Amino acid sequence: MEKRFYLLLVLVLVLSLAGCQQVVATEAPATEEPVIEEPEATEEPEATEEPEATEEAESVSLLIWVTGGETDGGMVQAAADAYTAEHHNVTISAEVVPWSDAHTKVLAAAAAGSGPDVITGGMSWGLELGQNDGMIDLNAQYPDIVKDIQEHTMPNIWEAIVPATGEVYAVQHYATVNMMYYRTDILEEVTGSTDTPTTWEEFTDLLDQLQAAGYDAPLLWRWGNTDWMGYHGFLYQAGGTYYSPDCSEVTLNTPEAAQALDFMLELYSKYNTPTDAWPDQVAFVNGDAPVMIDGNWIIPDFDLTRPEIAGLWTPANMPAGPSGKSVTFLGGNIIGIMSYTPQASQDVAADFIHYLYSQEGVEAQANYIASQNGIFIPPYDGFVDYIPVNDELKASVVDILATAYGPPSCPGFEAGNPGITKAIQEAIFGEIDAETALEKMQAALEETLNQ
Amino acid sequence: MTAIARGSQAANPKVRHQSKISKYLPLYGMMLPFLLLFFVFTVWPLFRSIQLSLTDYTGIAAREINFVGVDNYRTLLSDERFHTSLWNIARYVFFTVTINTIVGIILAVVLQAQGKINQITRTLFFMPAVTSGLATTVVWKYVFRSDKYGLMNILIASLGGDVIRFLGTPKYYMPIFVFISIWGGCGMTMVFILAGLRSINPELNEAAAIDGADSWRRFWTITLPLLRPTLLYVVVTGTINAFQLFDMAYIISGGGQDSMGGPLDAGLTPLLYLYYLGFTRFNIGLASALAWILFLVIIVLSLILLRIGRFTEDTL
C-alpha cells in the first residue's frame, strides 16, 4: 500500500515538474524572443510571390526596445515600417520601455543574454554597456556604415558618444537639449520688451529686474538643477572643459571653470532658485517664476497641456558666457546593437540604423513626430530640411545643433560625475566655498580617470 | 505472536529508523515542490551573491567574470557615499523604531477598551498598514512638495509661515522619512502591543489596584515588564525592516540616476545605493558585497537587541 503511495507521489512530482518544464518551454520564447518565430508565418505569402528573394535573404525579425514614451516608440516604428516596406524579409517591432525602467531592464537583458536586438537609451549607455561587452562595436564590424553615419553626425555630438579609443558602441538617434523658457507677458510687463537675454549679463540683469518687481525666485530650473548637467552648459559657455583634448588631463580647476561655478552658485544664493530635483512646472505656469530651464521636449505639448499660458511663453537658447558661446547640454537617445544578437540580425540591425541616417529614415521619423505636434531634432544639421517645420524653427534647430555639447566621452567621466554633483551641491548648500568645490570636482574626475 | 513481533521490531533500531522514514517521507515528498523553489529562488541566489561579491561581475553575460578577492568590501568600506548611507539609515532606524514603539504603546494602552469609538479609531490607525506603501509615498511626496502648492506649505502659509523647501533641503529628508514611516507603521505596532496587552492576566492589575497602586505605577511595574516579549519582537522586526528602507527613499528623492539619494545624498540609504551600484553602474559584484555588509550589520544588531532583551528579562 505504502509502495503504491510513493509511486503515486513520485509520479505526481514528475508530472508537475514536466508541467513546469512545458510552461517554461512554451512561455519563454513568447516573452523573450517573440518576433524571431513569427515572421515565417507572415513571410510565407511573400515567399510565394518572391521566391528568389527569400532564397537569397533569410527572414529576420528585430526587436527594438525604445526608451522613452509612446511618441519615441511610434517614431521608431514609423521608420521601421518604411524600412520593412523596402526589405520584405525583415520585420521590426519597436517596444516602448519607460525611462524609469529602461536601464534596469536593459541590464537584465544583458545579464540573461536574451532580449531586444537593438536598444535606444541615454547618451552614456552605449559606452557603459559596450565597455562591458554588452553591445557590439559597430566600428569594428561595420566600418563603412559607421563612416557614413559619422559624416552625418555633428562633430560635437560624435565626440560625446565615441571614446578617444574609437569604439562606436552606439550612434545618436536623436538629440535633446536644455533650453531657456520665458514668460513673455511678464517680461513685457516688467522690462517693457519681450526680448530674451542673449548673454550672462543680460540674463542676470533680467533676474534683477524681476526680483525688483517682486518675483523673489524668478528662475525655475528643472533638467540639470543642482547637478553636473546644469553646470555643464555654463562650463562651456565660460570657455572651460572637463578634460584636455586627448583626455589625458582633467581641466576643471581653471579660471573658466571657476567663473562658471560662481555664475551657477549665484543663481541659488542671490536669485533663490529652488534646489529640488525636477520641481513642478506650475511655478512657471502660474507666473511665480517667469524664467525656466528645461528640456526641449516640452515644447510640442506645452500649449496643449498648459492652455492657460498658450502664446504667453517662448523658448530660447541659453545665454552666451564670457567665451561668446551659448552652449547647452546635449542629451537624447543613442541606438546600438546588443552583443548577444545573432549575426544575421546584427547585419540587418546595422543596416536599419544606417537607414535612420538616410533622407527616408529621417523623414519617416520627423513626419511622425510632427503628427504628434513635436519637433524631431536629428543628429545632423543637413537633415533639418527634411523636418516639416517652418524656417524659423529650422534655423533654431541648426543653431542648437551647432552649440550643444554632450558629456565628454573620456574614460571615468560616468563614474566621476557624481563627485562633481556632490561638490556643486556642497557649495550650493554652503558647506564649502566655490574654490574648494572646484578642487573636489577636479579630484573626483582625476580619481576616476586614473582608475 | 504479533505482540512479540511488534516488540522485537520496536527494539530493533534499524527497523525503528525505517519506520520513521516511512512516517515522514510522504511529508517531505509533499514539501518537495516548495523546497525546490526555495532552493532555486532563495538558497542558491544567497550563496551565489557571496560568490559574486568576490568578483567584478558587471551583470552582463558576455563579460568575463574575474575573482577580485575582498576588493569590493575594501572599496565599500572606504566609500564616502556608503558611509553617508549608513549614517542616514542609522539615524532613520533609531528614530523610527523608538518613536514607532512609543507611539504604538500609547495607542494600544489608550485604545485597548472594546468601545465602538475605540474600534473605529484603531481601524483608522491601522489603515495605512493595509494600504500600498508606494501609493502613500507618492501622496506624501505631493504633501511635502517644495513650492507653495504643497499641502504642508499651504498649511504653513495659512498659519502665516514662509514656504519651506522640504525636498530641496537636505536636513528635511530624514525627518520626512521618519514621519512617513511612523504614520504608516504605528497602527501595526499598536495591533501587536494590543495582542500583548490582552495576554496579560487582568487579575495582576486588579490585585495591584486593590493594594493601592495607581494606574501609572501599574503600567510601569506590571504591564510594561510583561509586554517585554512583544516589545522585543516589535523592536527587532522593526529594526530589520527599517534597515531595508528603499521604496520611500527612491520615490521621495526622485529615483533618477542623477538625483538618486536627494541633495547631498540626504536620502541615500544602503539599499538605494545597492540599487544604484548594481543597476545603474553595472557593478553587481560591489552591490552584492554591500548586501552582505548590510546583512552582517542587521544580524549583529538583532543579536545585540535579543541579548539586551534577555538580559533585562533575567534582571527583572
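1. Of the 451 residues of chain A, 53% count as buried, where buried means under 20% relative accessible area, exposed over 50% and partly exposed in between (1.4 Å probe, protein chains only). This is a predicted model, in which local features need pLDDT of at least 70 and side-chain atom pairs count only at pLDDT 80 or more, while totals for chains, interfaces and linings use all residues. Residues are numbered from 1 along each chain as its sequence is written, chains are lettered from A in the order in which they are written, and side-chain values use heavy atoms, with hydrogens and water left out.

2. Chain A has 21 helices and nine strands, these being DSSP runs numbered from the N terminus (helices H or I, at least four residues; strands E, at least two). Of the contacts in chain A with a separation of 6 or more, 75% are accounted for by residues 24 or more positions apart, a contact meaning heavy atoms within 4.5 Å.

3. Helix 12 of chain A (residues 200-212) has 13 residues, which at 1.5 Å a residue should span 18 Å, and its end C-alpha atoms are 18 Å apart, which agrees; the expected span is 1.5 Å times one less than the number of residues. Helix 12 of chain A is followed by A:G214, whose phi is positive, near 105°.

4. Within helix 12 of chain A, the residues A:W200, A:F203, A:T204, A:L206, A:L207 and A:L210 are buried. They lie on the same side of helix 12 of chain A because they cover an arc of only 155° around the axis, the arc being that of the directions from the helix axis to the C-beta atoms. An α-helix has 3.6 residues a turn, so residues three or four places apart point the same way. The face turned away from the buried side of helix 12 of chain A carries the exposed residues A:E201 and A:A212.

5. The partners against which the buried residues of helix 12 of chain A pack include strand 4 (171-183), helix 13 (228-237) and helix 14 (255-269) of chain A.

6. The contact between the chains takes 41 residues from chain B and 42 residues from chain A. About 3200 Å² is buried between chain B and chain A, of which carbon and sulfur atoms give 57%; buried area is the accessible area (1.4 Å probe) that two parts lose on being put together, summed over both.

7. Five salt bridges are found by the rule across the interface of chain B and chain A, the rule being a side-chain nitrogen of Lys or Arg within 4 Å of a carboxyl oxygen of Asp or Glu. B:R145 forms a salt bridge with A:D280, with the closest N and O atoms 3.7 Å apart.
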